[in-house]
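Please take a moment to look over the structure shown here, and then follow the explanation below step by step.

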Number of protein chains: 2
Amino acid sequence: MPLPVPPKTKRRVAIIKALAHPSRLLVAEALQQGEQCVCDLRDLIGSDLSTVSKHLTILRQAGIVDMEKRGLNVFYRLRCPCLIGFLECVDTLAPPAPKGARAK
Amino acid sequence: MPLPVPPKTKRRVAIIKALAHPSRLLVAEALQQGEQCVCDLRDLIGSDLSTVSKHLTILRQAGIVDMEKRGLNVFYRLRCPCLIGFLECVDTLAPPAPKGARAK
DNA sequence: GCTTTACTTGGCCATTCCGCCAAGTATCGT
DNA sequence: ACGATACTTGGCGGAATGGCCAAGTAAAGC
């Protein structure tokens, strides 16, 4: 990155990057309904438990989710209800891949 | 990706991924002020022209920007004004990296 | 105590991403 | 036609991602 990227933009990128993966976005979407333990989320995305755990770590470090251990389970929940608006906004950003995307 | 990811989520990921890079987000932010030619954007992000061009292709394919050739220049602009709301929403998603993100 | 359950962490491999350089294309000026 | 300008495209290395397996940790039950 040759030019200095403003801190505000850096923070935005960190958050956006955390959501830029199918499994992680799926998790974030699911957590809108309420907290879930890791095993539920593993069933949701269907990967190895270790993989799911790493995805959750990424979401946590981005400040998107919170964790809480209760008994043997670890429950994750959204730290910010704003995600709904965020996603609606994404949906309006581009209608299904327009022809105009072609360079020629 | 073991489990089938819903199409809606897939489309969302494609768009989010396109914005999940400092240079590309910087471009998107800059285009909020109005259209810019590629050389202006190269000055903004300070990379090789070919690199900038590839970033713009990615934004275009995600449907986030539009291009128009006029004379020797190619001008890019946002295809959707919604980006402002999108970014404000990102900003509220997580306050500056809280301590709670630590696993241990 | 030992075992089981529910994760997290470390390591490794395969794929993807991102940068530059070099070469190609298109338009303008002469 | 030729050269210059403004890109785009191809290729290639190096870095970052993402997946699994294996090993480690922590709480609950026996």
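This is a predicted model: local features need pLDDT of at least 70, side-chain atom pairs count only at pLDDT 80 or more; totals for chains, interfaces and linings use all residues.

H4(B) gives the most to the surface near DNA strand D, namely six residues. By residue type, that surface divides into twelve nonpolar, ten polar and two charged residues.

We can now turn to the other strand. DNA strand C is surrounded by 25 residues, of which Val38(A), Cys39(A), Ser50(A), Ser53(A) and Ser50(B) are the closest. At least two residues of the surface near DNA strand C are supplied by each of helix H3 (38–45), H4 and strand E3 (73–78) of chain A, and by H4 of chain B. Here the largest share, six residues, comes from H4(A), and the surface near DNA strand C consists of twelve nonpolar, ten polar and three charged residues.

Finally, consider how two helices of chain B are arranged. Helix H2 (residues 22–31) of chain B packs with H3(B) at an angle of about 125°, their axes being 10 Å apart. H2(B) and H3(B) are therefore oblique to each other, and their crossing is right-handed. On the side of H2(B), the contact is made by Ser23(B), Leu26(B), Val27(B) and Ala30(B), while H3(B) brings Leu41(B), Leu44(B) and Ile45(B). The residues of this contact divide into six nonpolar and one polar, with no charged residue.

Terms used: Residues are numbered from 1 along each chain as its sequence is written. Chains are lettered from A and ligands numbered from 1 in the order in which they are written. Helices (H or I, at least four residues) and strands (E, at least two) are DSSP runs, numbered from the N terminus. Ala, Val, Leu, Ile, Met, Phe, Trp, Tyr, Cys and Pro count as nonpolar, Asp, Glu, Lys and Arg as charged, and the others, Gly among them, as polar. Axes are lines fitted to C-alpha atoms, for helices over the stretch in contact, and angles run from 0 to 180 degrees between N-to-C directions. Angles under 35 degrees count as roughly parallel, over 145 as roughly antiparallel, 65 to 115 as roughly perpendicular and the rest as oblique. A crossing is left-handed if the near helix is turned anticlockwise from the far one by less than a right angle, and right-handed if clockwise. Two residues are in contact if their C-beta atoms, placed from the backbone, lie within 7 Å. A residue is near a molecule or strand if its C-beta atom, placed from the backbone, lies within 6 Å of it.
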